[in-house]
Every structure is written in C-alpha cells, then in structure tokens.
Amino acid sequence: MRSIAGALGEHGIATLRYCFPYIEAGRKRPDSGAVLEATTRSAVTFAASLVPALPRFAGGKSMGGRMTSRAAAAAGLDAEGIVFFGFPLHASGRPSVERAEHLISVSQPMLFLQGTRDPLARLESIRAVCLALAERATLHVVEGADHGFHVPKGSGRDEPAVIEELAETTRVWIERRLGLRRPRSGS
C-alpha cells in the first residue's frame, strides 16, 4: 500500500493509511470481524475530522478492502465510494463468492482493481460479482498481475508501471464519481 499511496499522492489524491490492531501488536492471527470493521470505521471518521471539506473514498488492499465494504454494509460509511486493490473473493484454490454476499448491502459505488493471476479472486467469479452489482461496480483488470499486483518479468511491465496503472485508474474513477474533468495537457 505504501507504493500505491505514493502514486495516488502524485495524482493529487491524499491517503490515510492505518493498521489493524493485530498488526500493531505483532500478531499473525487477525482480529475478529467486529474489531476489523470498527477499526475501519474509526479510520474513516478520523480522516473526516482531519479534512471535513474533502470528499472521502475508502478502501484497501485485500482484507483491508473487504473490511471496508463489510463496515459499509453493516453500519454505513461516510465515503463517496470504495476502492478494492485486490478483493479477496475466496481462499486460494477454493473458488466461491460467499465473501461478496455483503456487497449487495453497500450503497456506495465500488471500484475493483483485480489481477488476471489473482489466486484469491478467479476473474470469471469477480466479473460475475460485479455484474450482479450493476452500476455500483466498476471492474478494472490488470493483465498478468497476481494478488500483490506483481507481473511476470517477461510481461514487458514492471512494478512501477503497474502501480501507476492502479493510481491512474483510481484517479479517473474518483473524478468521474465526483463529476470532475481534468484539463488535457497543453490546454
């Protein structure tokens, strides 16, 4: 997330990164869903207190994104939209869509950034989830990327190029949600 946050900053998008309590404590086992969701809500509330006039978008990488959407589904979230950097749709090697069932209760628009080689989200499954969410879901597929958005060396792209693709896609999606248009270079 550090690389993505830096790239988003270069696109004029401020980020607030936070850790879940179990990570802060150095534990490997995640906290309960209730604690993870409460932590997410606290982070979004804290962001709102820092910059109340700015529109907020919430999200995260993998479990962080899923906990954001669970928090939004359970109790609402003060955010204009949710961005998933690799939604963990299922455990590796065990395709299913149960982890997405709560998304139907999320009222915000959602951006799914997914790699074609992500073992935690088979592409055909995440496409079906997004299709079911209709206009609330936008799917951007990162060709050749795995769950960490790493691409094979022979792909012709490197990590900075993939991070830039994620940041640019996020910027464009946010601007569309807010009804903004960026002037073209040289205009």
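This is a predicted model: local features need pLDDT of at least 70, side-chain atom pairs count only at pLDDT 80 or more; totals for chains, interfaces and linings use all residues.
**View 1. Secondary structure and overall dimensions.** The protein holds six helices and four strands, which follow one another along the sequence in the pattern α-α-α-β-α-β-β-α-β-α. The radius of gyration is 16 Å, close to the 16 Å that the globule rule gives for 187 residues, so the protein is as compact as a globular protein of that length. Taken along the principal axes, the box filled by the C-alpha atoms is roughly 50 × 40 × 35 Å.

**View 2. Burial and contacts across the chain.** Of the 187 residues in the protein, 44% count as buried. When contacts between residues at least 6 apart in sequence are considered, 68% of them join residues that are at least 24 apart.

**View 3. Thr 39 and its surroundings.** Thr 39 has its place in helix 3, which covers residues 33-50. With a relative accessible area of 16%, Thr 39 is buried, because the cut-off for a buried residue is under 20%. A polar atom of the Thr 39 side chain lies 2.8 Å from the backbone oxygen of Val 35. Leaving aside neighbours within four places in sequence, the residues in contact with Thr 39 are Tyr 18, Cys 19, Phe 20 and Pro 21.

Conventions. Residues are numbered from 1 along each chain as its sequence is written. Side-chain values use heavy atoms; hydrogens and water are left out. Helices (H or I, at least four residues) and strands (E, at least two) are DSSP runs, numbered from the N terminus. The radius of gyration is taken over C-alpha atoms; the globule rule is 2.2 Å times the number of residues to the power 0.38. Buried means under 20% relative accessible area, exposed over 50%, partly exposed in between (1.4 Å probe, protein chains only). Contact means heavy atoms within 4.5 Å. A polar contact is a pair of N or O atoms within 3.5 Å; within protein, one must be able to donate a hydrogen and the other to accept it, and residues adjacent in sequence count only if both atoms are side-chain atoms.
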